[in-house]
Amino acid sequence: MLLLWSGICRRAPPRIFPSFLVAVALVGLLPVLRSHGLQPSPTASTIRGSEPPRERSIGDVTTAPPELAPESRPVNHSVTEHSMKTRKAFPVLGIDYTHVRTPFEISLWILLACLMKIGFHVIPTISSIVPESCLLIVVGLLVGGLIKGVGETPPFLQSDVFFLFLLPPIILDAGYFLPLRQFTENLGTILIFAVVGTLWNAFFLGGLMYAVCLVGGEQINNIGLLDNLLFGSIISAVDPVAVLAVFEEIHINELLHILVFGESLLNDAVTVVLYHLFEEFANYDRVGIVDIVLGFLSFFVVSLGGVFVGVVYGVIAAFTSRFTAHIRVIEPLFVFLYSYMAYLSAELFHLSGIMALIASGVVMRPYVEANISHKSHTTIKYFLKMWSSVSETLIFIFLGVSTVAGSHHWNWTFVISTLLFCLIARVLGVLGLTWFINKFRIVKLTPKDQFIIAYGGLRGAIAFSLGYLLDKKHFPMCDLFLTAIITVIFFTVFVQGMTIRPLVDLLAVKKKQETKRSINEEIHTQFLDHLLTGIEDICGHYGHHHWKDKLNRFNKKYVKKCLIAGERSKEPQLIAFYHKMEMKQAIELVESGGMGKIPSAVSTVSMQNIHPKSLPAERILPALSKDKEEEIRKILRNNLQKTRQRLRSYNRHTLADLPVITIDPASPQSPESVDLVNEELKGKVLGLNRDPARVVEEDEEDDGGIVMRTKEPSSPGTDDVFTPGPNDSPSSQRIQRCLSDPGPHPEPGEGEPFIPKGQ
């Protein structure tokens, strides 16, 4: 045996040797296992503990029972018969659906949602008429009816699943990519609509519904004032999921989009406060003035507390991203985890989780994007879009399924009154608040804008989930509330969602224009901001431009140094914006496969971002060095339009007194400068796109034309651009100054254009 073993070891290849050892070890252990009575279990259920243990265990070591003689060993006939009955022909294969049921069904629902989105966008005729949210609700109704038709119980949209797993991705996507400038400029209007408008809708609707219940009949007479106020607080809030689903399809302009969507985001604090407040008041025997005052103060605690939690987590996320330069893979994970922790921490204390998510996304984004790589930025962007899109699809599908699965109580008076009063309260609230807001706005909200704001107040799954959370012990008519909520949701999503696109086209409401920001726009935007800030300082009025400038200075002086790693914290804003544009352009070129079409004017900044090179060990960027100044000049020279001096129109009689214009054949920019005159003189001046050395006369008339002559070399020390003659009149000198304006200075080494006085 030993000789055989040694021969095998010498002849066996090195790769087969470990496998051979394992096989020999298993064969050698087989008699030992049999001698100890350890037989493999016939089914997987015996492994999980369904068979009673037959051995004594000490820690992790299993001891065998004492050895018995074959004739004295007891025989367990029940075990033998059980093992004989469950013995399988092929012991590996089997069906265990209960083990994978939950993740398998979740995957099927997500797959169904994705297939529905693909089918919706493949058929353009449907997508141009019916919003995606309407189609998804219809699919949910069909799936729920099919499940119920085969005798199964359809799944119900649980409130915990909605608030903890489906809603946060949508809000994080909206908060992280929130257009901050439009949001801050219209923050006052948004807050008035979100706070005052939601309070108006809740109390107006609750009060009217209480009056309806008093005269509506025996079925709804027992619904009290607190119950109706709670119902009004649930149904009055505009839903951000429904607004996003509809407004992104019709491409409404930025002002209306940010007003309606911002209202839907910020009214969460009012909804949370009113919901929990009336829910607590329902348990009280008597509600006093102190309870009402504390409830009013709780609004500030809930809203500001949610914002504070979001800011804290946003700062922590930005600070953490400083140290991820060597571990780029986990950079997106920090954004998702810190944002989700902000939401959960706010919900832990009954604060506004939506406002916490928005605050964390807005605070962390500028600092995180300065620290992470462009690949991580792309991952964050597309993962958030994918995650929010799937969550939105699942919400609308389960809304339809839950409609079939839920228990309903229909009352015509209550349901129709709810729908009618919701529309009336929305219209009156928007008209009254807009009348007040327009007294302080520079850009007024027109009647068309007011109509779109009132018509875009859609309700959605948040109201449905809050209605489902109601306790039947304290609110016996919660089934009636849920039926009325579903009716309002279906009306706003189907009727208003399907008709808002043709109404926008009919009213000719301005739509969103997809334009890319340019260097020119960025410079003029910053210039106007500084100009308005200076005007406010001179007037002694501390408006939002003044405080915005103070915040930017504090951010640049202290915050960026702590939250942004390396030299990016000291980089001038113009260069940072230019590098961002270059990186975006380079990524688009790479994604479109147009690497061979990159123009020569594009700098290598974007290519360095795609293929990063190792930076020097110590690279200190001063405040604004000469190189940076030169780089800014090149950016401005290449991206801004050249200065053009527009002249008033002249006829041939007034041109008779003009001097003769000569050009320098050595100047490459003189023809370009004179071409600008050609545009204004309507063809009276010579076309200078030809060789400037050739002298051509276009106008042969005797009453004064413009003659182009070759310029003689100027003597040293004279002005090559403009030198007035002693006999020139002031008007002719002004015209010559205008014609001789060379515009921006060219690169060093290039000839400078000039148009001297006539010979």
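Arg101 is partly exposed, with a relative accessible area of 46%; partly exposed denotes the range between buried (under 20% relative accessible area) and exposed (over 50%), with a 1.4 Å probe and protein chains only. The side chain of Arg101 meets that of Glu105 in a salt bridge of 3.1 Å, N to O, a salt bridge being a side-chain nitrogen of Lys or Arg within 4 Å of a carboxyl oxygen of Asp or Glu. Glu105 is likewise partly exposed, because its relative accessibility is 30%. An α-helix has 3.6 residues a turn, so residues three or four places apart point the same way. Helices are DSSP runs (H or I, at least four residues), numbered from the N terminus.

The model is predicted: local features need pLDDT of at least 70 and side-chain atom pairs count only at pLDDT 80 or more, whereas totals for chains, interfaces and linings use all residues. Residues are numbered from 1 along each chain as its sequence is written, and side-chain values use heavy atoms, with hydrogens and water left out.

A search of the whole structure gives 13 salt bridges. One of them joins Arg501 and Glu249, with the closest N and O atoms 3.9 Å apart. Arg501 lies in helix α21 (residues 478–507) and Glu249 in helix α12 (residues 240–250), so this pair ties together parts that are 252 residues apart in sequence. Arg501 counts as partly exposed at 24% relative accessibility. In the salt bridge between Asp479 and Lys472, the closest N and O atoms are 3.2 Å apart. Asp479 counts as buried because its relative accessibility is 18%, while Lys472 is partly exposed at 48%.

The patch lies on the surface and consists of Ile95, Tyr97, Val100, Phe104, Leu108, Leu111, Leu115, Ile118, Val122, Ile123 and Ile126, which together have about 1,100 Å² of accessible area. Patches are made of residues with over 30% relative accessible area and no salt bridge; like charges are joined within 9 Å, and nonpolar side chains (Val, Leu, Ile, Met, Phe, Trp, Tyr) within 5 Å. Accessible areas come from the Shrake-Rupley method with a 1.4 Å probe, and for residues only the protein chains shown count as cover. Leu111, found in helix α5, counts as partly exposed at 46% relative accessibility.

Aromatic pairs number 25. Rings of Phe, Tyr and Trp (its six-membered ring) pair if their centres lie within 6.5 Å; planes under 30 degrees apart count as stacked, over 60 as edge-to-face and the rest as tilted. Trp410 and Trp412 form an edge-to-face pair, 5.1 Å centre to centre and with 85 degrees between the planes. Trp410 is partly exposed at 40% relative accessibility, whereas Trp412 is exposed at 61%. Phe436 and Phe440 are also paired edge-to-face, at 5.2 Å centre to centre and 65 degrees between the planes. Phe436 is partly exposed, with a relative accessible area of 39%, and Phe440 is exposed at 63%. One aromatic cluster is formed by Phe156, Phe464 and Tyr468.

Phe464 is among the buried residues of helix α20, together with Ala461, Ile462, Ala463, Ser465, Leu466 and Gly467. Because 7 of the 8 residues of helix α20 (residues 461–468) are buried, this helix is largely enclosed by the rest of the structure.

Beyond its neighbours within four places in sequence, Arg426 is in contact (heavy atoms within 4.5 Å) with Asn201, Val238, Glu263, Ile453, Ala454 and Gly457. Asp549, in helix α23 (residues 544–563), is buried with a relative accessible area of 16%. With its neighbours within four places set aside, Asp549 is in contact with His530 and Thr533. The C-alpha atoms of Asp549 and Gly534 are separated by 10.0 Å, the two residues being 15 apart along the chain.

The protein chain averages a pLDDT of 74, and 65% of the residues score at least 70; pLDDT is the predictor's confidence in each residue, from 0 to 100. Residues 78–83 stay under 50, and the model has 1 contact beyond four places in sequence for them. Residues 663–722 also stay under 50, with 91 such contacts. Where pLDDT is low, the predicted coordinates should not be read in detail.

Definitions and conventions: Helices (H or I, at least four residues) and strands (E, at least two) are DSSP runs, numbered from the N terminus.
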